[in-house]
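This report describes a protein for a reader who is new to structures. Please look at the sequence and the model first, then read on.

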Amino acid sequence: MAGLLVVRVHLDWTAPGHYDRDRSLPCRVCATVTRMRDAKGAACHQSCAEDEIARELLGAGQPLIADERVPTPTQNREVAR
């Protein structure tokens, strides 16, 4: 049975630079209009940015994680010999 890996990201967007009260633009991730801005000034919902970072971390981390309690098919063949 494979383990479940959960990645949660919470960004602190309380700084005034993350909100543009004058202009709504399409979010760079979901295309829904927002007044929120990411660190580079691009229109982006906080939740969209958090999900995007979580997916990147999960994708980068999965190859590095091995559950040593679950033998791989190669290890199963070696044990049977």
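## Surface and model

The accessible surface of the protein comes to about 6600 Å², and 55% of it belongs to carbon and sulfur atoms. Accessible areas come from the Shrake-Rupley method with a 1.4 Å probe, and for residues only the protein chains shown count as cover. Buried residues make up 19% of the 81 residues in the protein. Here buried means under 20% relative accessible area, exposed means over 50%, and partly exposed is in between (1.4 Å probe, protein chains only).

The model is predicted: local features need pLDDT of at least 70, side-chain atom pairs count only at pLDDT 80 or more, and totals for chains, interfaces and linings use all residues. Residues are numbered from 1 along each chain as its sequence is written, and side-chain values use heavy atoms, with hydrogens and water left out. The pLDDT is the predictor's confidence in each residue, from 0 to 100. Its mean for the protein is 84, and 74% of the residues reach 70 or more.

## Helices and strands

The protein has two helices and two strands. In order from the N terminus, the elements run β-β-α-α. Helices (H or I, at least four residues) and strands (E, at least two) are DSSP runs, numbered from the N terminus. Among these elements, S1 has the highest mean pLDDT (98), while helix H2 (residues 73–80) has the lowest (60).

Helix H1 covers residues 46–61, which is 16 residues. From its first C-alpha to its last it reaches 22 Å, close to the 22 Å expected at 1.5 Å a residue. The expected span is 1.5 Å times one less than the number of residues. Which residues of H1 are buried? They are Cys48, Ala49, Glu50, Ala54 and Gly61. Gly61 counts as buried because its relative accessibility is 18%. Gly61 and Leu5 are 56 residues apart in sequence, yet their C-alpha atoms are 9.5 Å apart in space.

## The nonpolar core

In soluble globular proteins, nonpolar side chains tend to be buried together. A nonpolar core is a set of buried Ala, Val, Leu, Ile, Met, Phe, Trp, Tyr and Cys residues joined through side-chain atoms within 4.5 Å. In this protein the largest such core has five residues: Trp13, Cys27, Cys44, Cys48 and Ala49.

Contact means heavy atoms within 4.5 Å. Leaving aside neighbours within four places in sequence, Ala49 is in contact with Leu11, Trp13, Arg28 and Cys44. Of the contacts in the protein with a separation of 6 or more, 30% are between residues 24 or more positions apart.

## Salt bridges

How many salt bridges does the structure hold? It holds four. A salt bridge is a side-chain nitrogen of Lys or Arg within 4 Å of a carboxyl oxygen of Asp or Glu. One of them joins the side chains of Arg37 and Asp20, at 3.3 Å from N to O. This pair links distant parts of the chain, 17 residues apart: Arg37 is in the loop between S2 and H1, and Asp20 is in the segment before S1. Arg37 is classed as buried because its relative accessible area is 5%.

Another salt bridge joins Glu52 and Arg28, with the closest N and O atoms 2.8 Å apart. It also links distant parts of the chain, Glu52 being in helix H1 and Arg28 in the loop between S1 and S2, 24 residues apart. Glu52 is partly exposed at 22% relative accessibility, and Arg28 is partly exposed at 41%. Arg28, Asp38 and Glu52 are linked in a network of salt bridges. Asp22 and Arg21 form a salt bridge too, at 3.7 Å from N to O. Asp22 counts as exposed at 59% relative accessibility, and Arg21 counts as exposed at 64%.

## Two single residues

His18 is placed in the segment before strand S1 (25–26). Is His18 buried or exposed? His18 is buried, because its relative accessible area is 12%. Apart from neighbours within four places in sequence, its contacts are Asp12, Trp13, Arg35, Met36, Arg37, Asp38 and Ala39.

Ala31 is found in the loop between S1 and strand S2 (33–34). Most residues other than glycine have a negative phi. Phi of Ala31, however, is near 70°, a positive value in a residue other than glycine. With 53% relative accessibility, Ala31 counts as exposed.
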